[in-house]
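Thanks for coming. I will go through one structure today, starting with a sheet and ending with an interface.

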Amino acid sequence: MSNPVEHNSCGRLDAAWEVLRQIPDPEVPVISLCELGIVRDLRETAGGLEVVLTPTYSGCPATELIQDNVRAGLAAFGEIQITMQRAPAWTTDWISEEGKAKLKAYGIVPPGLTHLTQGQPIRFVRRGAQARLACPRCGSENTEKTSAFGSTPCKALYRCLACLEPFEHFKPI
Amino acid sequence: MSEPSIQVGASPAVQYLLRIGDACLISSQRLAEWCGHAPILEEDLALSNMALDLLGQARGVLTRAGQLDGQGFDEDQLAFLRDERQYLNPVLVELPRGDFALTQMRNLAVSTWLLGLWRGLQKSSDAELAAIAGKAVKEATYHQQHAADWVVRLGDGTDESAARLRAALTMLWPYFNELFEADAVDAAAVETGLGPAWPSLKADWLATMVAVLADAGLSLPKDSVYQSTGRVGRHSEHMGHLLAQMQYLQRAFPGGKW
(Lines give C-alpha, C1' and ligand atoms only; values in the text may rest on other atoms or scores of the structure.)
Protein backbone atom coordinates (compact mmCIF):
# COMPACT_ATOMS: atom_id res chain seq x y z
CA MET A 1 0.00 0.00 0.00
CA SER A 2 2.93 2.38 -0.50
CA ASN A 3 1.60 3.97 -3.67
CA PRO A 4 -1.49 6.18 -3.68
CA VAL A 5 -4.49 4.11 -4.63
CA GLU A 6 -5.44 4.83 -8.22
CA HIS A 7 -9.07 4.16 -8.99
CA ASN A 8 -12.00 5.93 -10.49
CA SER A 9 -14.05 7.89 -7.98
CA CYS A 10 -16.50 5.13 -7.12
CA GLY A 11 -13.83 2.47 -6.97
CA ARG A 12 -11.74 4.58 -4.64
CA LEU A 13 -14.59 4.88 -2.17
CA ASP A 14 -15.35 1.17 -2.43
CA ALA A 15 -11.71 0.39 -1.75
CA ALA A 16 -11.67 2.74 1.24
CA TRP A 17 -14.85 1.17 2.67
CA GLU A 18 -13.17 -2.21 2.26
CA VAL A 19 -10.24 -0.97 4.37
CA LEU A 20 -12.59 0.44 7.02
CA ARG A 21 -14.40 -2.89 7.21
CA GLN A 22 -11.09 -4.47 8.27
CA ILE A 23 -10.25 -2.00 11.07
CA PRO A 24 -11.20 -3.55 14.42
CA ASP A 25 -12.67 -1.71 17.37
CA PRO A 26 -9.74 -1.32 19.77
CA GLU A 27 -11.65 -2.45 22.84
CA VAL A 28 -13.76 -5.19 21.29
CA PRO A 29 -11.45 -6.27 18.45
CA VAL A 30 -13.75 -9.04 17.30
CA ILE A 31 -15.91 -6.50 15.45
CA SER A 32 -14.95 -3.80 12.97
CA LEU A 33 -15.67 -0.08 13.17
CA CYS A 34 -18.25 -0.56 10.40
CA GLU A 35 -20.01 -3.41 12.20
CA LEU A 36 -20.08 -1.27 15.34
CA GLY A 37 -21.92 1.37 13.30
CA ILE A 38 -19.67 4.31 14.10
CA VAL A 39 -18.53 5.09 10.54
CA ARG A 40 -21.31 7.40 9.43
CA ASP A 41 -20.01 8.56 6.06
CA LEU A 42 -17.08 8.55 3.70
CA ARG A 43 -16.61 11.36 1.19
CA GLU A 44 -14.00 12.29 -1.38
CA THR A 45 -12.15 15.56 -0.86
CA ALA A 46 -9.75 17.44 -3.12
CA GLY A 47 -6.68 15.85 -1.56
CA GLY A 48 -8.05 12.61 -0.14
CA LEU A 49 -10.98 11.45 1.95
CA GLU A 50 -13.19 12.69 4.71
CA VAL A 51 -14.34 10.08 7.23
CA VAL A 52 -17.32 10.92 9.42
CA LEU A 53 -17.23 9.08 12.75
CA THR A 54 -19.59 9.20 15.72
CA PRO A 55 -18.50 8.48 19.30
CA THR A 56 -20.10 5.57 21.15
CA TYR A 57 -20.03 7.14 24.64
CA SER A 58 -19.17 10.78 25.43
CA GLY A 59 -16.15 9.73 27.45
CA CYS A 60 -15.04 6.69 25.46
CA PRO A 61 -11.23 6.69 25.83
CA ALA A 62 -10.84 4.74 22.59
CA THR A 63 -12.11 7.65 20.46
CA GLU A 64 -8.67 9.11 19.77
CA LEU A 65 -7.15 5.70 19.10
CA ILE A 66 -9.93 4.92 16.63
CA GLN A 67 -9.19 8.16 14.77
CA ASP A 68 -5.49 7.30 14.64
CA ASN A 69 -6.23 3.80 13.35
CA VAL A 70 -8.53 5.14 10.63
CA ARG A 71 -5.89 7.66 9.57
CA ALA A 72 -3.20 5.00 9.46
CA GLY A 73 -5.43 2.50 7.64
CA LEU A 74 -6.40 4.95 4.91
CA ALA A 75 -2.98 6.61 4.55
CA ALA A 76 -2.66 5.41 0.95
CA PHE A 77 -5.78 7.39 -0.04
CA GLY A 78 -4.16 10.80 0.47
CA GLU A 79 -5.01 13.35 3.10
CA ILE A 80 -7.50 11.91 5.61
CA GLN A 81 -9.79 14.34 7.33
CA ILE A 82 -11.78 12.99 10.26
CA THR A 83 -15.01 14.67 11.29
CA MET A 84 -16.63 13.74 14.60
CA GLN A 85 -20.39 13.99 14.36
CA ARG A 86 -22.47 13.58 17.52
CA ALA A 87 -25.97 13.82 16.06
CA PRO A 88 -27.83 11.63 15.58
CA ALA A 89 -26.45 9.97 18.70
CA TRP A 90 -24.98 6.51 18.23
CA THR A 91 -27.15 3.68 19.41
CA THR A 92 -26.38 -0.01 19.83
CA ASP A 93 -29.23 -0.57 17.34
CA TRP A 94 -26.67 0.39 14.69
CA ILE A 95 -24.48 -2.62 15.43
CA SER A 96 -24.96 -4.84 12.38
CA GLU A 97 -26.50 -8.32 12.62
CA GLU A 98 -23.15 -9.76 11.62
CA GLY A 99 -21.48 -7.69 14.35
CA LYS A 100 -23.96 -8.95 16.94
CA ALA A 101 -23.31 -12.56 15.88
CA LYS A 102 -19.56 -12.00 16.24
CA LEU A 103 -20.01 -10.47 19.69
CA LYS A 104 -22.00 -13.49 20.81
CA ALA A 105 -19.43 -15.93 19.43
CA TYR A 106 -16.76 -13.94 21.31
CA GLY A 107 -18.65 -14.41 24.59
CA ILE A 108 -20.32 -10.99 24.83
CA VAL A 109 -24.11 -11.05 24.82
CA PRO A 110 -25.12 -8.48 22.17
CA PRO A 111 -27.52 -5.65 23.06
CA GLY A 112 -31.22 -6.07 22.51
CA LEU A 113 -33.07 -3.33 20.62
CA THR A 114 -33.22 -0.15 22.66
CA HIS A 115 -36.97 0.35 22.35
CA LEU A 116 -37.40 -2.77 24.49
CA THR A 117 -35.69 -1.14 27.47
CA GLN A 118 -36.64 2.49 27.06
CA GLY A 119 -39.22 4.08 29.28
CA GLN A 120 -38.89 1.56 32.08
CA PRO A 121 -39.42 3.07 35.51
CA ILE A 122 -36.08 3.57 37.20
CA ARG A 123 -36.97 2.44 40.67
CA PHE A 124 -35.26 -0.47 42.29
CA VAL A 125 -38.22 -2.48 43.43
CA ARG A 126 -40.67 -1.69 40.69
CA ARG A 127 -38.57 -1.98 37.59
CA GLY A 128 -40.31 -5.28 37.01
CA ALA A 129 -39.15 -8.53 35.58
CA GLN A 130 -36.61 -8.06 32.86
CA ALA A 131 -35.94 -10.68 30.25
CA ARG A 132 -33.12 -12.93 31.44
CA LEU A 133 -30.05 -12.90 29.24
CA ALA A 134 -29.07 -16.24 27.77
CA CYS A 135 -25.52 -17.38 28.54
CA PRO A 136 -23.41 -17.06 25.37
CA ARG A 137 -21.68 -20.37 26.19
CA CYS A 138 -24.32 -22.84 27.34
CA GLY A 139 -27.50 -20.96 26.39
CA SER A 140 -29.08 -21.23 29.84
CA GLU A 141 -31.27 -18.32 30.92
CA ASN A 142 -30.43 -18.96 34.55
CA THR A 143 -28.12 -15.94 34.72
CA GLU A 144 -27.64 -12.91 36.94
CA LYS A 145 -26.04 -9.48 36.70
CA THR A 146 -22.93 -9.06 38.83
CA SER A 147 -22.10 -5.48 37.86
CA ALA A 148 -23.95 -2.78 35.91
CA PHE A 149 -20.63 -1.51 34.52
CA GLY A 150 -17.75 -3.54 33.17
CA SER A 151 -14.25 -3.09 31.83
CA THR A 152 -15.59 -0.46 29.41
CA PRO A 153 -18.61 1.85 29.79
CA CYS A 154 -20.51 -0.06 27.10
CA LYS A 155 -20.58 -3.41 28.92
CA ALA A 156 -22.09 -4.97 32.05
CA LEU A 157 -20.92 -8.09 33.85
CA TYR A 158 -23.05 -11.22 34.29
CA ARG A 159 -22.61 -14.80 35.39
CA CYS A 160 -24.31 -17.98 34.34
CA LEU A 161 -25.69 -19.97 37.26
CA ALA A 162 -25.89 -23.13 35.15
CA CYS A 163 -22.36 -23.42 33.73
CA LEU A 164 -20.92 -20.99 36.32
CA GLU A 165 -19.00 -19.00 33.69
CA PRO A 166 -18.89 -15.20 33.86
CA PHE A 167 -19.77 -13.28 30.70
CA GLU A 168 -20.22 -9.72 29.46
CA HIS A 169 -23.23 -7.95 28.00
CA PHE A 170 -23.04 -5.10 25.51
CA LYS A 171 -25.67 -2.76 27.02
CA PRO A 172 -28.39 -1.33 24.79
CA ILE A 173 -28.05 2.46 24.63
CA MET B 1 7.22 29.16 35.95
CA SER B 2 3.57 28.38 36.40
CA GLU B 3 0.86 28.85 33.79
CA PRO B 4 -1.12 32.10 34.24
CA SER B 5 -4.89 31.95 34.70
CA ILE B 6 -7.38 32.67 31.93
CA GLN B 7 -10.61 34.65 32.20
CA VAL B 8 -13.74 33.93 30.23
CA GLY B 9 -16.14 36.70 29.22
CA ALA B 10 -19.42 37.50 30.95
CA SER B 11 -21.80 36.45 28.16
CA PRO B 12 -24.91 34.77 29.63
CA ALA B 13 -24.74 31.98 27.03
CA VAL B 14 -21.15 31.14 27.99
CA GLN B 15 -22.08 31.23 31.67
CA TYR B 16 -25.06 28.95 31.09
CA LEU B 17 -22.77 26.45 29.36
CA LEU B 18 -20.04 26.71 32.00
CA ARG B 19 -22.57 25.94 34.73
CA ILE B 20 -23.39 22.67 32.98
CA GLY B 21 -19.88 21.81 31.79
CA ASP B 22 -18.39 22.56 35.21
CA ALA B 23 -21.09 20.51 36.97
CA CYS B 24 -20.05 17.53 34.83
CA LEU B 25 -16.32 18.20 35.23
CA ILE B 26 -16.35 18.59 39.01
CA SER B 27 -18.73 15.62 39.49
CA SER B 28 -16.34 13.58 37.40
CA GLN B 29 -13.38 14.67 39.53
CA ARG B 30 -15.16 13.67 42.75
CA LEU B 31 -16.30 10.30 41.37
CA ALA B 32 -12.82 9.57 40.05
CA GLU B 33 -11.54 9.86 43.62
CA TRP B 34 -13.23 6.50 44.27
CA CYS B 35 -11.01 4.75 41.73
CA GLY B 36 -9.11 2.19 43.79
CA HIS B 37 -11.11 3.00 46.94
CA ALA B 38 -14.65 1.74 46.33
CA PRO B 39 -15.95 -0.93 48.72
CA ILE B 40 -16.11 -3.58 46.00
CA LEU B 41 -14.44 -3.97 42.62
CA GLU B 42 -17.73 -3.72 40.72
CA GLU B 43 -18.38 -0.30 42.26
CA ASP B 44 -14.86 0.79 41.46
CA LEU B 45 -15.67 0.04 37.83
CA ALA B 46 -19.10 1.66 37.98
CA LEU B 47 -17.99 4.91 39.62
CA SER B 48 -14.98 5.20 37.33
CA ASN B 49 -17.13 4.56 34.27
CA MET B 50 -19.61 7.21 35.32
CA ALA B 51 -16.75 9.62 35.96
CA LEU B 52 -15.59 8.93 32.41
CA ASP B 53 -19.03 9.62 30.93
CA LEU B 54 -19.25 12.89 32.88
CA LEU B 55 -15.79 13.90 31.74
CA GLY B 56 -16.75 13.24 28.13
CA GLN B 57 -19.88 15.36 28.55
CA ALA B 58 -17.79 18.12 30.17
CA ARG B 59 -15.35 18.06 27.24
CA GLY B 60 -18.14 18.63 24.75
CA VAL B 61 -19.84 21.40 26.69
CA LEU B 62 -16.59 23.21 27.62
CA THR B 63 -15.40 23.06 24.02
CA ARG B 64 -18.66 24.69 22.93
CA ALA B 65 -18.39 27.28 25.73
CA GLY B 66 -14.90 28.16 24.50
CA GLN B 67 -16.18 28.61 20.96
CA LEU B 68 -19.01 30.89 22.06
CA ASP B 69 -16.63 32.85 24.31
CA GLY B 70 -14.56 33.61 21.23
CA GLN B 71 -11.16 34.01 22.90
CA GLY B 72 -9.85 30.76 21.52
CA PHE B 73 -9.85 28.78 24.78
CA ASP B 74 -10.09 25.03 24.33
CA GLU B 75 -11.52 22.40 26.70
CA ASP B 76 -8.18 21.85 28.44
CA GLN B 77 -7.53 25.52 29.10
CA LEU B 78 -11.05 25.92 30.45
CA ALA B 79 -10.72 22.86 32.66
CA PHE B 80 -7.30 23.61 34.09
CA LEU B 81 -6.47 27.31 33.84
CA ARG B 82 -9.39 29.14 35.42
CA ASP B 83 -9.35 30.42 38.98
CA GLU B 84 -11.94 29.28 41.52
CA ARG B 85 -14.33 32.20 40.98
CA GLN B 86 -14.49 31.41 37.27
CA TYR B 87 -15.98 27.94 37.86
CA LEU B 88 -19.76 28.03 37.79
CA ASN B 89 -20.82 24.58 39.01
CA PRO B 90 -23.38 24.28 41.80
CA VAL B 91 -21.69 23.73 45.18
CA LEU B 92 -23.43 20.34 45.50
CA VAL B 93 -20.99 18.63 43.13
CA GLU B 94 -17.82 19.97 44.77
CA LEU B 95 -18.61 18.77 48.30
CA PRO B 96 -16.19 16.06 49.49
CA ARG B 97 -17.19 12.58 48.36
CA GLY B 98 -18.03 11.50 51.92
CA ASP B 99 -18.87 7.87 52.52
CA PHE B 100 -20.42 5.49 49.99
CA ALA B 101 -23.96 6.45 51.04
CA LEU B 102 -23.29 10.14 50.48
CA THR B 103 -21.76 9.48 47.07
CA GLN B 104 -24.77 7.39 45.97
CA MET B 105 -27.29 9.88 47.34
CA ARG B 106 -25.54 12.72 45.53
CA ASN B 107 -25.30 10.63 42.35
CA LEU B 108 -29.05 10.08 42.49
CA ALA B 109 -29.76 13.79 42.90
CA VAL B 110 -27.23 14.90 40.29
CA SER B 111 -28.05 12.26 37.67
CA THR B 112 -31.79 12.90 38.01
CA TRP B 113 -31.17 16.62 37.66
CA LEU B 114 -28.82 16.19 34.68
CA LEU B 115 -31.22 13.78 33.00
CA GLY B 116 -33.94 16.44 33.08
CA LEU B 117 -31.48 19.07 31.90
CA TRP B 118 -30.17 16.95 28.98
CA ARG B 119 -33.73 16.15 27.92
CA GLY B 120 -34.48 19.86 27.72
CA LEU B 121 -31.17 20.60 26.00
CA GLN B 122 -31.96 18.14 23.22
CA LYS B 123 -34.23 20.91 21.92
CA SER B 124 -31.54 23.61 22.25
CA SER B 125 -31.30 26.25 19.54
CA ASP B 126 -27.57 25.48 19.58
CA ALA B 127 -27.19 22.40 17.37
CA GLU B 128 -23.90 21.34 18.97
CA LEU B 129 -25.34 21.50 22.49
CA ALA B 130 -28.40 19.56 21.33
CA ALA B 131 -26.10 16.87 19.88
CA ILE B 132 -24.10 16.60 23.11
CA ALA B 133 -27.39 16.29 25.03
CA GLY B 134 -28.68 13.60 22.67
CA LYS B 135 -25.76 11.39 23.66
CA ALA B 136 -25.61 12.38 27.32
CA VAL B 137 -29.28 11.66 27.96
CA LYS B 138 -28.66 7.95 27.35
CA GLU B 139 -25.66 7.87 29.67
CA ALA B 140 -27.46 9.76 32.44
CA THR B 141 -30.26 7.19 32.31
CA TYR B 142 -27.83 4.43 33.28
CA HIS B 143 -26.28 6.64 35.99
CA GLN B 144 -29.68 7.34 37.49
CA GLN B 145 -30.69 3.67 37.48
CA HIS B 146 -27.48 2.69 39.18
CA ALA B 147 -27.70 5.36 41.88
CA ALA B 148 -31.40 4.63 42.53
CA ASP B 149 -30.61 0.93 42.92
CA TRP B 150 -28.00 1.73 45.54
CA VAL B 151 -30.08 4.28 47.41
CA VAL B 152 -32.91 1.77 47.80
CA ARG B 153 -30.49 -1.02 48.67
CA LEU B 154 -28.78 1.04 51.37
CA GLY B 155 -32.02 2.48 52.75
CA ASP B 156 -33.58 -0.96 52.81
CA GLY B 157 -30.41 -2.62 54.11
CA THR B 158 -28.97 -2.71 57.62
CA ASP B 159 -29.55 -0.18 60.41
CA GLU B 160 -26.06 1.12 59.73
CA SER B 161 -26.55 1.60 55.98
CA ALA B 162 -29.97 3.22 56.51
CA ALA B 163 -28.57 5.60 59.14
CA ARG B 164 -25.73 6.62 56.86
CA LEU B 165 -28.09 7.19 53.96
CA ARG B 166 -30.36 9.32 56.13
CA ALA B 167 -27.38 11.35 57.31
CA ALA B 168 -26.28 11.84 53.69
CA LEU B 169 -29.71 13.11 52.66
CA THR B 170 -29.86 15.50 55.61
CA MET B 171 -26.41 16.84 54.86
CA LEU B 172 -26.98 17.28 51.09
CA TRP B 173 -30.56 18.55 51.17
CA PRO B 174 -29.83 22.31 51.56
CA TYR B 175 -27.50 22.19 48.53
CA PHE B 176 -30.27 20.98 46.21
CA ASN B 177 -31.86 24.45 46.28
CA GLU B 178 -29.19 25.85 44.00
CA LEU B 179 -30.14 23.45 41.20
CA PHE B 180 -33.50 25.13 40.71
CA GLU B 181 -32.83 28.80 41.25
CA ALA B 182 -33.89 31.34 38.61
CA ASP B 183 -31.59 34.18 37.57
CA ALA B 184 -30.65 36.37 34.61
CA VAL B 185 -28.37 33.77 33.00
CA ASP B 186 -31.23 31.29 33.10
CA ALA B 187 -33.72 33.80 31.71
CA ALA B 188 -31.40 34.65 28.81
CA ALA B 189 -31.02 30.95 27.95
CA VAL B 190 -34.79 30.55 27.77
CA GLU B 191 -35.14 33.66 25.62
CA THR B 192 -32.59 32.52 23.07
CA GLY B 193 -33.75 28.90 23.17
CA LEU B 194 -30.31 27.79 24.38
CA GLY B 195 -31.77 25.64 27.13
CA PRO B 196 -34.44 25.22 29.79
CA ALA B 197 -34.76 27.39 32.87
CA TRP B 198 -33.45 25.36 35.78
CA PRO B 199 -36.53 25.98 38.00
CA SER B 200 -38.66 24.27 35.34
CA LEU B 201 -36.81 21.02 36.06
CA LYS B 202 -37.78 20.89 39.71
CA ALA B 203 -41.20 19.21 39.57
CA ASP B 204 -39.97 16.11 37.70
CA TRP B 205 -36.80 15.95 39.79
CA LEU B 206 -38.73 16.10 43.04
CA ALA B 207 -41.25 13.49 41.93
CA THR B 208 -38.47 11.04 41.14
CA MET B 209 -36.60 11.78 44.36
CA VAL B 210 -39.74 11.32 46.46
CA ALA B 211 -40.50 8.00 44.78
CA VAL B 212 -36.99 6.57 45.14
CA LEU B 213 -36.61 7.84 48.70
CA ALA B 214 -39.96 6.28 49.60
CA ASP B 215 -38.72 2.92 48.29
CA ALA B 216 -35.62 3.47 50.40
CA GLY B 217 -37.74 4.09 53.47
CA LEU B 218 -36.75 7.75 53.72
CA SER B 219 -38.90 10.83 53.92
CA LEU B 220 -37.90 14.28 52.73
CA PRO B 221 -36.14 16.57 55.17
CA LYS B 222 -37.68 19.93 55.93
CA ASP B 223 -37.11 22.61 53.30
CA SER B 224 -34.06 24.73 53.91
CA VAL B 225 -33.65 28.43 53.17
CA TYR B 226 -29.94 28.01 52.55
CA GLN B 227 -28.77 29.05 49.07
CA SER B 228 -25.34 28.01 47.90
CA THR B 229 -23.80 30.20 45.21
CA GLY B 230 -21.44 28.12 43.06
CA ARG B 231 -23.30 29.11 39.89
CA VAL B 232 -22.10 32.68 40.30
CA GLY B 233 -18.58 31.60 41.21
CA ARG B 234 -18.76 31.78 45.01
CA HIS B 235 -17.83 28.34 46.21
CA SER B 236 -17.48 26.32 49.38
CA GLU B 237 -14.13 25.95 51.16
CA HIS B 238 -13.71 22.58 49.44
CA MET B 239 -13.40 23.95 45.90
CA GLY B 240 -9.92 25.38 46.26
CA HIS B 241 -8.53 22.07 47.48
CA LEU B 242 -10.22 20.21 44.65
CA LEU B 243 -8.81 22.61 42.06
CA ALA B 244 -5.34 22.49 43.57
CA GLN B 245 -5.28 18.76 43.00
CA MET B 246 -7.00 18.87 39.60
CA GLN B 247 -4.93 21.71 38.17
CA TYR B 248 -1.51 21.01 39.65
CA LEU B 249 0.06 19.26 36.69
CA GLN B 250 -1.08 21.76 34.04
CA ARG B 251 -0.07 24.70 36.20
CA ALA B 252 3.34 23.30 37.06
CA PHE B 253 4.06 21.84 33.61
CA PRO B 254 2.12 24.04 31.14
CA GLY B 255 0.85 22.10 28.15
CA GLY B 256 2.12 18.80 29.58
CA LYS B 257 0.67 15.73 27.86
CA TRP B 258 0.60 12.06 28.74
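Before the sheet, one term: two strands count as paired here if DSSP finds at least two bridges between them. With that in hand, take β4 and β7 of chain A, the latter covering residues 166-170; 2 bridges join them, and the strands run parallel. One facing pair to look at is A:Ile108, which sits opposite A:Glu168 of β7(A). Please keep in mind throughout that this is a predicted model.

Now the rest of that sheet. It is open, has 4 strands, and reads β4-β7-β6-β5 in chain A, with mixed pairing. Which strands are at the edges? They are β4, residues 108-109, and β5, residues 143-147, both of chain A, each pairing on one side only. The antiparallel part includes β6(A), residues 155-160, which pairs with β7(A) over 5 bridges. Within that pairing, A:Ala156 has A:His169 of β7(A) as its bridge partner. The hairpin formed by β6(A) and β7(A) leaves 5 residues between the strands, and A:Leu164 there has a positive phi near 70 degrees.

Next, salt bridges. Over all chains, the rule gives a count of 21. One of these is within chain A, where the side chains of A:Glu35 and A:Lys102 meet at 2.7 Å, N to O. How many residues apart are the two partners? They are 67 residues apart, so to speak from distant parts of the chain: A:Glu35 belongs to helix α2(A), residues 33-36, and A:Lys102 to helix α4(A), residues 97-106.

On to the interface between the two chains. Counting contacts, 30 residues of chain B touch 30 residues of chain A. As a general point, interface size is often quoted as the accessible area lost when the parts come together. For chain B and chain A the buried area is about 2,700 Å², and carbon and sulfur atoms give 61% of it.

For the polar side of the interface, 8 residue pairs are in polar contact between chain B and chain A, with both residues at pLDDT 80 or more. The salt-bridge rule finds 2 across this interface. One joins A:Glu64 and B:Arg59, side chain to side chain, at 3.2 Å, N to O.

Where does the chain B surface come from? The elements that give two or more residues to the side touching chain A are α2 (41-69), α5 (127-155) and α8 (202-215), all of chain B. The largest share, 15 residues, is from α5(B). Sorted by class, that side of chain B has 11 nonpolar, 10 polar and 9 charged residues.

Last, confidence. Chain B has a mean pLDDT of 96, with 100% of its residues reaching 70 or more. For chain A the mean is 86, and 86% of residues reach 70 or more. Residues 1-7 of chain A stay under 50, and the model has 10 contacts for them beyond four places in sequence. The overall scores are ipTM 0.79 and pTM 0.90.

Technical notes:
Residues are numbered from 1 along each chain as its sequence is written. Chains are lettered from A and ligands numbered from 1 in the order in which they are written. Side-chain values use heavy atoms; hydrogens and water are left out. Contact means heavy atoms within 4.5 Å. Buried area is the accessible area (1.4 Å probe) that two parts lose on being put together, summed over both. A salt bridge is a side-chain nitrogen of Lys or Arg within 4 Å of a carboxyl oxygen of Asp or Glu. A polar contact is a pair of N or O atoms within 3.5 Å; within protein, one must be able to donate a hydrogen and the other to accept it, and residues adjacent in sequence count only if both atoms are side-chain atoms. Ala, Val, Leu, Ile, Met, Phe, Trp, Tyr, Cys and Pro count as nonpolar, Asp, Glu, Lys and Arg as charged, and the others, Gly among them, as polar. pLDDT is the predictor's confidence in each residue, from 0 to 100.
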